[in-house]
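Here's a quick briefing to read with the model open beside you. Take a look at the fold first, then come back for the details.

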Amino acid sequence: MALAVIDASVAVKWFLEEPDSEDALRLQSDFFEGLLSVRVPSVFPYEVMNALHSSRRFSRRELLESARDIDRSGFQTVPLFADYLARTVDLATASAITVYDASYLALAALEECPLYTADEGLLALDGSRTAVRPIRGYFSHD
């Protein structure tokens, strides 16, 4: 089974119709069909919910249901500690990026798997020795 890290920009596309939402939904489908294992940093649900809240398109009830969907998703959530913490801090300081963004890059590097994102800033950073891939054009792992 293939392994990937996804960032919040991918998950937001499951809830909001945006460019590349179909590609993000294809990745989600691969996960639910058991073709892809997904790992995310522990900050992931907070970032997704913050983006949905900031969109101002969700009622309180809809935000809660979205949060429950993320919680029930079954993604392996990885807490920030030990080598992962050190790698995250190193990437954040060396690349002048947020610790949030660095946590996705560091996790993908430690897991030796791609990071899927719609974040142009992360895509532009690909000097991080992590396989940063755009969600645009995502292909199924079947």
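This is a predicted model: local features need pLDDT of at least 70, side-chain atom pairs count only at pLDDT 80 or more; totals for chains, interfaces and linings use all residues.

Residues are numbered from 1 along each chain as its sequence is written, and side-chain values use heavy atoms, with hydrogens and water left out.

**Overall build**

- The protein chain has seven helices and five strands, counted as DSSP runs numbered from the N terminus (helices are H or I, at least four residues; strands are E, at least two).
- Starting at the N terminus, the order of elements is β-α-α-β-α-α-β-α-α-β-α-β.
- The radius of gyration is 14 Å, close to the 14 Å that the globule rule gives for 142 residues, so the chain is as compact as a globular protein of that length. That radius is taken over C-alpha atoms, and the rule is 2.2 Å times the number of residues to the power 0.38.
- Along its principal axes, the C-alpha trace spans about 40 × 35 × 25 Å.
- Take the contacts (heavy atoms within 4.5 Å) between residues at least 6 apart in sequence: 63% of them join residues at least 24 apart.

**Core**

- Of the 142 residues, 40% count as buried; that means under 20% relative accessible area, with exposed over 50% and partly exposed in between (1.4 Å probe, protein chains only).
- The largest nonpolar core has 41 residues, and Ile6, Leu27 and Phe44 have the most contacts inside it. Such a core is a set of buried Ala, Val, Leu, Ile, Met, Phe, Trp, Tyr and Cys residues joined through side-chain atoms within 4.5 Å.
- Leaving aside residues up to four places away in sequence, Phe44 touches Ile6, Asp7, Ala8, Ala11, Ile70, Phe75 and Tyr104.

**Surface**

**Two loop residues to look at**

- Most residues other than glycine have a negative phi.
- Asp20 has a positive phi of about 75 degrees. Asp20 sits in the loop between helix 1 (8-15) and helix 2 (21-32), and is buried at 19% relative accessible area.
- Glu112 also has a positive phi, near 55 degrees. Glu112 lies in the loop between helix 6 and strand 4 (115-117) and counts as exposed, at 73% relative accessibility.
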